[in-house]
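Subject: Structure for you to look at

Hello,

Here is the structure I said I would pass on. Please open it beside this message and follow the residues as they come up.

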Amino acid sequence: MPTHATAQHIGTRSHQCDATATRSTGDGGRAFVLLDGIGSSDQVREWTRARARRLADLTARSLEPEEAVTQVQNELTAQAGWAPGACAVAAVTGPDQLLRVAWIGDCRAYLLSPDGHFQRLTTDHNLRAEIEAAGGQAPWWSRNRVTRCLGHPDAGAAMEPERTAVYGYSGARLLLASDGCYEPIEDAGRDLGAELAALDPAGCAKHLVSLALALGGEHRDNATCMVVDFPDAPAAEASARRVLCAHGRAFMRDSCSGCDAAEETPHPADPVTVRSPWTSRMVKRCRTCAQPPGRRIHKGA
């Protein structure tokens, strides 16, 4: 069973409108949820706490956080009248050794592997991300304009969450964070991965929130994070799971520019059997390009 801890601070806001929740999946796994409520009022605070609990319940039952976020959104859409809104991120572990993550808005998930590899698992749903994806220069305020979230009518029509999955998370550390926690640390040029590596989960969570407050300037947002440590797998299990691509990256887990480039150049297939991060089924892939061995790119080599 993973160990976890949460820390948060109200900042200079009138209300603490971030919320977290966890639930057991019943098979040794656990669901983890963090919401960042939009606004600062009694209504937003209570609404966000209730939605966090609901999302954690649904994620633990289904083991599919994307479906859980969508169901919460559908429930909100069916309600009459205006409702508050929140950004959300949900993660869940299951018996298939997959860490599934879904998000909507700009709450983030990061993973620190036992070998020190630090990766951000989510992309922001805000105006800054859209402008930069189009090759533009985003103004500083654009990061505060979310383009997707739960419930809020001002976010437009695109309310669908995104998802990702990581296979083989044993011994890793997961971070879920609101923008009030990660933004001050990144704005100051601090290495978030190095900060995450320190202390036990409780000490690390408190450290990250304290650091965000110290670096946040005069106007500080609610700052909340959850730190999760996953137990180490038995040596034989970990060895069997760890498959590297031809370029030395964790196969079908980490993005690899070498695999991406090899998709464009004919080469002999180098088949290996791995577990799909989406279906959890064992599939054959080429170690050089991560594509099925029967693809045309292998036939002309």
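Start with H298, which lies in helix α9, residues 296-299. Keep in mind that this is a predicted model. H298 has a relative accessible area of 8%, and the cut-off for buried is under 20%, so H298 counts as buried.

What surrounds H298? Leaving aside neighbours within four places in sequence, H298 is in contact with H267, P268, A269, C286, C289, Q291, P292 and P293. The side chain of H298 makes a polar contact with the side chain of H267, at 3.3 Å. A polar atom of the H298 side chain also lies 3.4 Å from the backbone oxygen of P292. For a sense of how the chain folds back here, take T265: 33 residues separate T265 from H298 in sequence, yet their C-alpha atoms are 8.8 Å apart in space.

Next, go to T93 in strand β4, which covers residues 85-93. Is T93 buried or exposed? Its relative accessibility is 3%, so T93 counts as buried. The T93 side chain reaches the backbone nitrogen of R30 at 3.0 Å. Not counting residues up to four places away in sequence, T93 touches T25, G29, R30, L63, L98, L99, Y169 and F230.

Two of those names, L99 and F230, come up again in the largest nonpolar core. This core has 22 residues, and those with the most contacts inside it are L99, L174 and F230. The elements that give two or more residues to the core are β3 (30-38), β4, β5 (98-104), β6 (108-112), β9 (173-177) and β10 (223-229). As for L174, the residues it touches beyond four places in sequence include L99, F230, A91, Y110 and M226.

Last is helix α6, residues 201-215. How far apart should its ends be? At 1.5 Å a residue, its 15 residues should span 21 Å, and the end C-alpha atoms are 21 Å apart, so the two values agree. The buried residues of α6 are P201, C204, A205, L208, V209, L211, A212 and L213. The buried residues of α6 pack against β1 (3-9), β9, α4 (179-187), α5 (192-196) and β10. After α6 comes G217, which has a positive phi, near 80°.

Regards

Definitions and conventions. Residues numbered from 1 in each chain as written. Predicted model: local features only at pLDDT ≥ 70, side-chain atom pairs only at ≥ 80, totals over all residues. Heavy atoms only, no water. Helix = DSSP H or I, 4+ residues; strand = E, 2+ residues; numbered from the N terminus. Buried < 20%, exposed > 50% of the residue type's maximum accessible area, 1.4 Å probe, protein only. Polar contact = N/O pair within 3.5 Å; in protein donor to acceptor, adjacent residues only side chain to side chain. Contact = heavy atoms within 4.5 Å. Core = buried A, V, L, I, M, F, W, Y, C linked by side-chain atoms within 4.5 Å. Expected span 1.5 Å × (residues − 1).
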